[in-house]
Amino acid sequence: MNIAPFDPERRIGTVTQVLPDSVFVNLDAVTQRTGRLLSGNSLRGGQVGDFVVLDCDSHALLARILEVKLPEKERLDIEQQLGHTPDPHPLAKLHLLGALQTGTDKVISGIPNYPALGASVFAASADLVSHFASSFSLKSEDGAKHVTLRLGHVRDGVGTPVEIRADHLFARHCAILGATGGGKSTTISRLLEQCLASHMFPKIILIDPTGEYAATATGHTSLFLGSTDVPSGETQVRIPCEHLQDGDYLCILAPSPTQRVRLNDAIHSLRLVEVLGRKGFESERAQLASYLTAEGVITKSGKTRSTFYSVRTAAAVADLVENPTTPFAFRYLTAQIMNECVADADNGTWRPFPNALEWSQPLLSKINALRVSAAWSPIFGNEGAASVFNEIEKFFNNGERLLRINLADLSFDFRLREIAVNLIGRWLREHVRDYKLKADRPVLVVLDEAHNFLNRHLGDEDFKQPLDAFEKIAKEGRKFWLNLVLATQQPRDIPPGILSQMGTLVVHRLINEADRKVVEMACGQLDAAAAKFLPSLAPGEAAIIGVDFPIPLTIQIEQPAQNLRPASAGPQFTRWLQPKAAATPKPAAPATVATSSPKPAKAPTPANPTAPPANDDDDIPF
Ligand SMILES: Nc1ncnc2c1ncn2[C@@H]1O[C@H](COP(=O)(O)OP(=O)(O)OP(=O)(O)O)[C@@H](O)[C@H]1O
Ligand SMILES: [Mg+2]
């Protein structure tokens with residue numbers, strides 16, 4: 001590309017003051033007129049937010065206009081008065097972003113040298129901004145070709161495209177941040193569309209908490225982790241409770257200290273039953289044969305303690321029994337807890353301990369409730385459904401590119417969603433470590449609404465367990481080719497440990513100051529000047545920030561194809577605001593909004609949230 005950054009027709013002003021991070025400019029008065037055209041395209045370059053380029057010897061410096069004002073003495077002269085034509089001398093403050101080596105078109109991060117007083121300032125063309133936005137990402141030291149994704153365009157009215165290298169976006173994890181409606185889900189869909197259309201190889205697991213990505217995943221496998229109403233074409237799955245670890249049970253069941261002892265012992269005993277059934281443990285099984293007479297459990301009352309402990313504490317057995325990943329049969333948990341309600345008798349055996357049974361009653365009731373609860377059925381019920389982990393394993397071994405896990409039906413009660421997502425994260429992390437996924441291909445895990453799942457704990461002061469699987473993936477997943485794309489409304493809710501691991505941030509509109517501060521802190525490239533633009537970004541507009549994008553440029557993300565868009569549009573209120581008279585015209589009715597009936601409108605169905613109510617009689621919902 002041969003770029004001519006200094007087009008005399010685009011000249012807009014002259015440098016008058018230079019500071020380390022900003023430059024002050026006398027703008028030509030004409031720059032303040034809107035609707036100016038150059039070669040048929042609108043010529044911007046004098047308003048806040050516009051990109052400009054400064055002539056600096058062998059470099060062209062890219063800058064952004066932060067502030068435009070009039071000198072104090074001209075402030076009142078700008079008023080339109082009869083017979084008086086204002087002759088303003090506007091001033092602008094610029095924020096320097098980066099440099100282009102003229103002649104070679106090479107983009108350089110940082111400012112190699114500062115402009116001289118009197119240097120000319122030009123409106124940056126869309127091609128130049130696009131070159132800056134793409135160039136860091138496209139640069140290739142080895143000259144190799146890289147997969148690029150067309151994410152969007154420079155906001156210039158003619159759609160000058162911005163292409164970004166896929167590995168720069170994903171290789172060090174990517175966070176998509178922004179207030180509700182900022183465009184995060186649309187950006188995820190766009191990324192998926194572009195990845196799937198490219199020859200890139202990563203396998204993508206999309207965790208869809210709201211079910212909004214059904215269309216995006218058309219033609220790919222969708223797993224449904226829920227109890228009822230499986231959407232057509234989706235496969236119902238469950239998270240088998242064997243994947244819960246001791247700490248998970250302690251948090252979910254919240255036992256009292258005395259109950260906790262029995263719960264721990266019962267889990268260990270059930271694991272022992274499982275281990276004794278394995279090949280290689282025949283002699284241990286024979287030694288404890290008289291303890292194993294009731295199905296699935298260890299009977300302790302009346303049995304000799306020393307024989308039990310000699311088997312239970314042998315190194316090979318203890319290793320497995322105390323390993324939280326060794327499965328056990330949850331359906332026998334209440335029976336085993338009852339068997340643990342024993343005390344030491346004088347003759348070296350165990351004797352019944354009725355008090356312990358009484359103390360354990362609330363715990364037994366909780367476990368029984370879990371087993372029959374519809375909300376918990378994706379973990380403790382749905383026994384006919386396939387294991388989500390078997391399905392993920394299958395996906396790793398087949399040629400498919402995208403696997404969606406739909407959590408829309410998962411209950412919001414009992415922290416079930418957080419627990420389920422953490423279990424999926426934990427399994428993925430352990431899987432990639434053990435199986436060396438690296439030998440095959442990278443995996444991209446996309447988690448939308450991440451603020452609901454990160455920085456969460458289970459349990460109370462007595463026993464607290466962090467749900468930190470994704471935090472661990474953020475810290476160590478990259479080495480195992482497991483990369484994250486997290487989308488969140490509330491960056492301040494993301495643990496700093498996770499945010500600082502994100503190599504690329506795609507930042508949509510962010511209004512909350514605390515959120516903007518968090519983003520500034522997480523990413524050296526976003527300074528206070530650039531952060532000032534975040535509250536005024538339009539839907540779909542985003543600043544791309546990261547180690548491979550040293551200049552925080554904003555681009556307009558393009559929407560994916562119509563049939564792949566997420567079902568995330570808000571209700572179209574105007575479609576409900578039809579005068580009632582329009583449906584059944586009455587001659588005397590004024591053509592205004594009907595206000596009488598308090599009857600609430602039917603809510604739109606989640607599958608088609610923009611649809612107006614089917615019943616014309618429905619009134620305004622609010
Ligand atoms: N790139 C875009 N171009 C044009 N319009 C967009 C773009 N992105 C989003 N929008 C508009 O904004 C609406 C909301 O977008 P989206 O659902 O992606 O926001 P979100 O940030 O995911 O919101 P939430 O946090 O509530 O999930 C879309 O329905 C669409 O109308
Ligand atoms: Mg969204």
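Asp246 is partly exposed in this predicted model, because 17 other C-beta atoms lie within 10 Å, and a buried residue would need 20 or more. Asp246 belongs to helix α4, which covers residues 246-253. Leaving aside residues up to four places away in sequence, Asp246 touches Asn264, Ile267 and Pro324. For Asn264, the separation from Asp246 is 18 residues in sequence and 7.4 Å in space, taken from C-alpha to C-alpha.

Further along α4, Asp248, Tyr249, Leu250, Cys251 and Ile252 are buried. After the helix comes Ala254, which has a positive phi near 40°. For background, most residues other than glycine have a negative phi.

Glu449 is not a glycine, yet its phi is positive, near 55°. Glu449 is found in the loop that joins β20 (443-447) to β21 (456-459). Is Glu449 buried or exposed? Glu449 is buried, because 20 other C-beta atoms lie within 10 Å, and 20 or more is what burial requires. Trp481 also has a positive phi, about 65°, without being a glycine. The loop that holds Trp481 runs between α14 (469-476) and β23 (482-488). With 19 other C-beta atoms within 10 Å, Trp481 is partly exposed.

The next topic is how helices pack. Two packed helices are described by the angle between their axes and the distance between the axes. Helix α5 (residues 257-276) packs with helix α10 (residues 354-372) at an angle of about 90°, and their axes are 9 Å apart. The two helices, α5 and α10, are therefore roughly perpendicular to each other. On the α5 side, the contact is made by Thr258, Gln259, Arg262 and Leu263. On the α10 side, Ala356, Trp359, Ser360 and Leu363 take part. By class, the residues of this contact between α5 and α10 are four nonpolar, three polar and one charged.

A single helix can also be read by its faces. An α-helix has 3.6 residues a turn, so residues three or four places apart point the same way. In helix α16 (residues 513-522), the residues Asp515, Arg516, Val518, Val519 and Ala522 are buried. Viewed down the axis of α16, these buried residues fall within an arc of 160°, so they line one face of the helix. Glu513 and Ala514 are exposed on the other side of α16.

The model also contains ligand 1, with 16 residues around the ligand. Which of these residues come nearest to ligand 1? They are Gly183, Ser185, Thr186, Gly540 and Ser568. Helix α3 (residues 184-197) supplies the largest share of the shell around ligand 1, namely three residues. Sorted by class, the shell of ligand 1 has 11 polar, four nonpolar and one charged residues.

Finally, the chain as a whole. The protein chain has 19 helices and 26 strands. Of its 622 residues, 39% count as buried. Among the contacts in the protein chain with a separation of 6 or more, 71% are accounted for by residues 24 or more positions apart.

Definitions and conventions: Residues numbered from 1 in each chain as written. Chains lettered and ligands numbered in written order. Predicted model: local features only at pLDDT ≥ 70, side-chain atom pairs only at ≥ 80, totals over all residues. Near = placed C-beta within 6 Å. Helix = DSSP H or I, 4+ residues; strand = E, 2+ residues; numbered from the N terminus. Nonpolar A, V, L, I, M, F, W, Y, C, P; charged D, E, K, R; others polar. Axes fitted to C-alpha atoms, helices over the stretch in contact; angles between N-to-C directions. Parallel < 35°, antiparallel > 145°, perpendicular 65-115°, else oblique. Contact = placed C-beta atoms within 7 Å. Buried ≥ 20, exposed ≤ 12 C-beta atoms within 10 Å, placed from the backbone. Arc of directions from axis to C-beta.
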